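I opened the model to look at its domains, its core and its pockets. These are my notes, in the order I worked.

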Amino acid sequence: MPVQRLNHAVLYVRDTERSVAFYRDALGFEVVMGLPGAAFLQAPGSTNDHDLGLFEIGGDAAPSPAGRTSVGLYHLAWEVDTLDELERIAARLRELGALVGASDHGTTKALYAKDPDGLEFEVSWLVPAALLTEEVLAARSSIRPLDLSADKERYGAQTRGGVGVSVPA
């Protein structure tokens, strides 16, 4: 049997409570279990036992050198169902001062943000398979600025993303 999907990610953080508050306020994650110095969070709508584990290593921890002076994880990506939801999250990340970028990758509309420890993550909406055209597929070879208004007009604000791509049709 091949791997089916990512079940959860685990991050080392400086302060568990601060990180829990951030992921709750930014993305709506809820704590499903906590231990001293650790928390396990579930994304809204998820059926996973947990989607994100956080382990506290203390306030003196150095920033991750991954991508600068060492190999390591660049970012995690979470998917949303609609462009309206992507727009809502973009506004929330902006309010929190966490949004660091927004890109159109043709088949994927993406936001990039950093958590309180500077760990980057992505929130994205995927064009459903039924709406993939040669033009959309060709656009994967370049990165353009995200234009949510134009994308909502083209695909619909409430169109369920990822259908037939990351979500069964």
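Domain bounds here come from an automatic or database domain assignment. The assignment divides the chain into domain 1 (1–58) and domain 2 (74–163).

I noted the ground rules next. This is a predicted model, where local features need pLDDT of at least 70, side-chain atom pairs count only at pLDDT 80 or more, and totals for chains, interfaces and linings use all residues. Residues are numbered from 1 along each chain as its sequence is written, and side-chain values use heavy atoms, with hydrogens and water left out.

**Domain contacts.** I looked up contacts, meaning heavy atoms within 4.5 Å. From domain 1, 14 residues are in contact with 14 residues of domain 2.

**Core.** Which residues of the largest nonpolar core touch the most other members? I found Y23, L27, L52, L86, L93 and F121, out of 33 residues in that core. Both domains take part: domain 1 (1–58) and domain 2 (74–163) each supply at least three residues. A nonpolar core is a set of buried Ala, Val, Leu, Ile, Met, Phe, Trp, Tyr and Cys residues joined through side-chain atoms within 4.5 Å. Buried means under 20% relative accessible area, exposed over 50%, and partly exposed in between (1.4 Å probe, protein chains only). In soluble globular proteins, nonpolar side chains tend to be buried together. I then followed L27. Setting aside neighbours within four places in sequence, L27 contacts F22, P44, W78, I89, F121 and V123.

**Largest pocket.** A pocket is an open set of points on a 1 Å grid over the protein atoms alone, where a 1.4 Å probe fits and protein lies on both sides within 12 Å along at least five of seven lines; lining residues have an atom within 4 Å of a point. Points are joined across faces, edges and corners, and a volume is the space filled by probe spheres set on them. I read a volume of about 1,100 Å³ for the largest pocket. It has 30 lining residues, and A43, S46, D51, W78 and E79 are the closest to its centre. For elements I used DSSP runs numbered from the N terminus: helices (H or I, at least four residues) and strands (E, at least two). Strand 5 (76–79), helix 2 (83–95) and strand 8 (120–126) each give at least two residues to this lining. Strand 5 gives the most, four residues. Why does the largest pocket lie between the domains? Domain 1 and domain 2 both give residues to its lining, so it lies between them.

**Second largest pocket.** I read about 600 Å³ here. Of its 26 lining residues, S64, A66, L73, G118 and L119 are the closest to the centre. Strand 1 (9–13) gives the largest share of the lining, four residues. This second largest pocket also lies between domain 1 and domain 2, because both give residues to its lining.

**Two single residues.** I checked G53, which sits in strand 4 (residues 52–56). G53 counts as buried because its relative accessibility is 0%. Beyond four places in sequence, G53 touches A9, V10, L11, A39 and F40. I also checked A21, in helix 1 (residues 16–27). A21 counts as partly exposed, at 23% relative accessibility.
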